[in-house]
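Welcome, and take a moment to settle in before we walk through this protein together. Please look over the sequence and the model below, and keep them at hand as you read.

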Amino acid sequence: MTARTQFRVLGPVEYGNGLCGSSLGGRLHRSVLAVLIARVGQPASPDALVEAVWGHAPPTRPRACIQTYVSSLRGIIAEPIEYTGAAYRLDTPPESVDMVRFERAVEAARLAMHHDPGGACDLLDAALGLWRGPAFEDVADSTVLTQVARRLDELRLTALEMRMRAGLESQRLEGVASAVEPWLETCALRETFVGLAAMVLAAEGRQAEALLVIGRTRNRLREELGVNPGPSLDEVQRRLLDQDPTLVGQQATQSTPRDHNLHGDDTSFIGRTADVNQVVGLLSTNRLTTLVGPGGTGKTRLATEVGLEVHRTFAQGAWFVDLIPATSETGIWRELAATLPLVEPGTNRSLQEAVLDHLQRSSLVLILDNCEHVLEDAASVARDVMARAAHVRTLATSREPLRLRAEHLFRVEPLPTADPSSSAPSLAAQLFIDRAARTGQEPLMKADLSAIEAVCRRLDGLPLAVELAAAMTSTVTAGQILNLLADSPNAIVNRSHDRPDRHSSLRDTVAWSYGLLSASERDTLVRFAVFEGGFAIDDAHAVCADAGDGVEAITHSIMRLHEASLLVMVRGGDANRYTLLETVRAFARDLFADSPVRDELEQRHAEHFLAVAEAGFEGVWGTDEVEWLQRLYVSRPNLRRALDWWLRRDPGRAQMLAGSLTWFWLRRHLQSEAFETLHVALEASPVASPGRVRALFGLSEIVKDEDLDHATDLLVEAFDGAERFELWPDLWEIKYNLGQMAIYRGDHAAAVRHQESLFELAVRSEEPSPIQLSALALTGLWTMLCDFSAAHEWLSVADAAAAQWDSTRGFLYCDEFRGRLALAEGRFDDARSAFTSALETEEQLWSRPELPILALHLAEVAFATGDLTTAVDQTARTLARFERSHMTPEVADVTFCLRMAACLHWAVGNRRRAIDLKATAATRPDGWFRMKPMATWIAAIDGEPQAPVSAIPRTVDDLRDRMALHDLSRPSMPTGSLGIH
């Protein structure tokens, strides 16, 4: 099995490396994913998913909900969820699902039972080790998943029975009794299970307990079922009472306890079972494994639990060596000699030689804890151990790697925290609740859960931080702890007598790591406090680097701080991002507040992210649109911080920053955030400035769908400012939108005036690109007004400008408008040729569609010629192109799709749906799409909507559901049904 993505359902639903709970969406999202996992390799129809998730009580539009959930899941998981037109299928190898691996391992063990019971033990141990709780634990309330979960739970009990039987036959019973005991109450009426469990207990020398287990089962069978135990259970009891030597004490006489010095913690170990299993696997294949992670993630506890898990499998057990007292390589050998059970080394050998001689003759796990403060010395010791001791496995814990070639790193991450909308407690919250209960307080009520989750999120899910906070519940509530954290997470302090000083407060924990850095690394960490919510390496260079070799120094510091677990790297696309854990950020901010470079860095930060916003204003329209949208999205906290800085010092530049984010907000459907931010920026100062022009234009874009008059007023003021400051690009954009506003209002005369003055403005610029785009705008306007002669004249102007521009993109746009004009004139062959040419040009230029609606124009041509089948196919192709583009469809494109679907449904007699689609499309201005023949077809669809008009779809999946192309039959279209000639 390769190290690819894993799906886990033997417990709560998980994906990848611990992605679970609200990280996979809400409960219904996870239910959809769980059903697809349960049917891995098999298709699941939308109706089957609806039944599986909601049973007999689905919501009003269940298929649309399923599409929404699937679309959301596609953005979370890497494996594709295919849709064939009739069903969904999770495209992942079956072996990537723990349920499948469990079933296969149990079947293999069943086949091995008779000829290789020892091998069966290995298979069953691996299979049972996959379980983390009841199957589908967090989503098992649906009927389908309940049935699957019951089958898996039954197979789990069967596997436990097989493991007991195989262990008894092969005399391999280490740990079996402890694995079985939790099930004795649940399986008290399962005679086979109870009989085997009694035999396992007896083999460990626990005969009295074995007889007690059988006695309890006997009593329950009589009281609850009115029957006596079967002969097999009676036979086990008889053998126990007769002291059968083949059964009683078998394991006790054959098992030898392993040596170790591990001290198990008396607190529960929450959320790390999968980590323990993974590290155990690494130890089996790697000579050196290092657990790395920030202070407080629980590296020492994890290493201890791994040692307790594996010490019986090594002849000389597992030995834990704390390196905190060591200050040199000699000190490390001294700690090893004091810990390991050495024979007296004698006077002629050094401690190092004595330790290596002992290890050379041993098979054991050596745990080197807290290597970070003696990193090079610890690496030297680990290298010597690997060179001399072939059967020793070294498990190190450190806040940064040892940097040896044989080293395998395992990053210990914080515990997952829950999304605010989740109802189930996250693993971090479970740890908090468990530790809070140990303070002697009453069990926490559900009402406290939201505050607990908020505390855990504020503490980044760091186990140490969560435990320190939970310990404070002896005197304060979770809500009060949250208030303390609002000032600083370093307020959390707990002076436990059995906790190291460096772990007694969060500040002490961070200070320990900070003290191990070089002077330049400490300075860089403090500088990074200027960022909010993370940064890219280019951001760090622009804001934090000094002149000279500053860029190189910042790059080096980023690498070192990440290795030291003080920077968290977030992978994403072609560029990684970095962020500070909140505890580290609070520590750095305290130092940053007194830094002599604070004011300079804050200004550089504000200037940099203003430049990012301005570049993004153009970037979201270029070939790197997707990358720009993602960059601006992850930079939102920094953009907000920069905006706040400019609002206090230069409101005009704050307005420029806010206005420059207009297209980003619209593409990401963040209209509320856009409206609020632009409003605040404009209210900050009424003084005319280039920034105010940009912000006025931005606000007009946000409100135009709801209030055309207000949008027009904003554009008029923006136009005056753009003329005053000679802002050519903004002036052209504003003028174009004023023409659009006139079209939306049906004021065609005003639209013509605006577009002609827009062309004059473009001519004054003497640049072919705006000249062509302005001429095309007039081509479209006259086409809509059916003045085809004027439209042809302006198209000729656009063609000439495109030739001067010599841009393939320009030729593409001309072909699109040439097709629109030919379609409006009824020259369908010419229209088809022009649109086909545009599509071919587009495919040559871009890996994703520039104009996804080109295929919809071909659907118009097919519909106009009575070819309904091709019209449906091209309409479906348009939806596929939207998906391929990875862009959110613009409102104008969505309304165009809805109108095309309305025509198709009307043509085949689906009158109700056609009327509803027309009504939905009419809720938004339709711009250029009042052209013939679409305008004629839409006018022919008459009738009132049957239900309240639906909102405009915002996602491709929702749009596909609303258009319902799958409901279209393919008969010949009734002649003249929509005025087609």
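**A guided walk through the model**

Leu189 counts as partly exposed because its relative accessibility is 32%; buried means under 20% relative accessible area, exposed over 50%, and partly exposed in between (1.4 Å probe, protein chains only). You are looking at a predicted model, in which local features need pLDDT of at least 70, side-chain atom pairs count only at pLDDT 80 or more, and totals for chains, interfaces and linings use all residues. Residues are numbered from 1 along each chain as its sequence is written, and side-chain values use heavy atoms, with hydrogens and water left out.

You will find Leu189 in the loop between α7 (176-180) and α8 (191-203); helices (H or I, at least four residues) and strands (E, at least two) are DSSP runs, numbered from the N terminus. Together with Leu225 and Val227, Leu189 makes a nonpolar surface patch of about 230 Å². Patches are made of residues with over 30% relative accessible area and no salt bridge, where like charges are joined within 9 Å and nonpolar side chains (Val, Leu, Ile, Met, Phe, Trp, Tyr) within 5 Å.

Now step back to the whole chain. Its secondary structure comes to 45 helices and 13 strands, and 53% of its 981 residues count as buried. The chain exposes about 42400 Å², with carbon and sulfur atoms supplying 50% of that area; accessible areas come from the Shrake-Rupley method with a 1.4 Å probe, and for residues only the protein chains shown count as cover.

Arg435, buried with a relative accessible area of 9%, forms a salt bridge with Glu467, and the closest N and O atoms are 3.4 Å apart. Glu467 lies in helix α19 (residues 463-471) and Arg435 in helix α17, so this pair ties together parts that are 32 residues apart in sequence. A salt bridge is a side-chain nitrogen of Lys or Arg within 4 Å of a carboxyl oxygen of Asp or Glu, and by this rule the count comes to 42.

Another salt bridge joins Glu600 and Arg604, with the closest N and O atoms 3.0 Å apart. These two residues are separated by about one helical turn, because they are 4 residues apart in helix α26 (residues 598-619). Glu600 is partly exposed at 43% relative accessibility, whereas Arg604 is buried at 17%.

What does Leu682 touch beyond its neighbours within four places in sequence? Leu682 belongs to helix α31 (residues 671-684) and is in contact with Gln655, Arg692, Ala695, Leu696 and Leu699, where contact means heavy atoms within 4.5 Å. With a relative accessible area of 10%, Leu682 is buried.

Finally, turn to an open sheet of 3 strands, with antiparallel pairing and the order β11-β13-β12. Its edge strands, β11 (535-536) and β12 (568-570), each pair on one side only; two strands pair if DSSP finds at least two bridges between them. β11 meets strand β13 (residues 577-579) over 2 bridges in the antiparallel sense, and Ala536 stands opposite Arg577 in β13.
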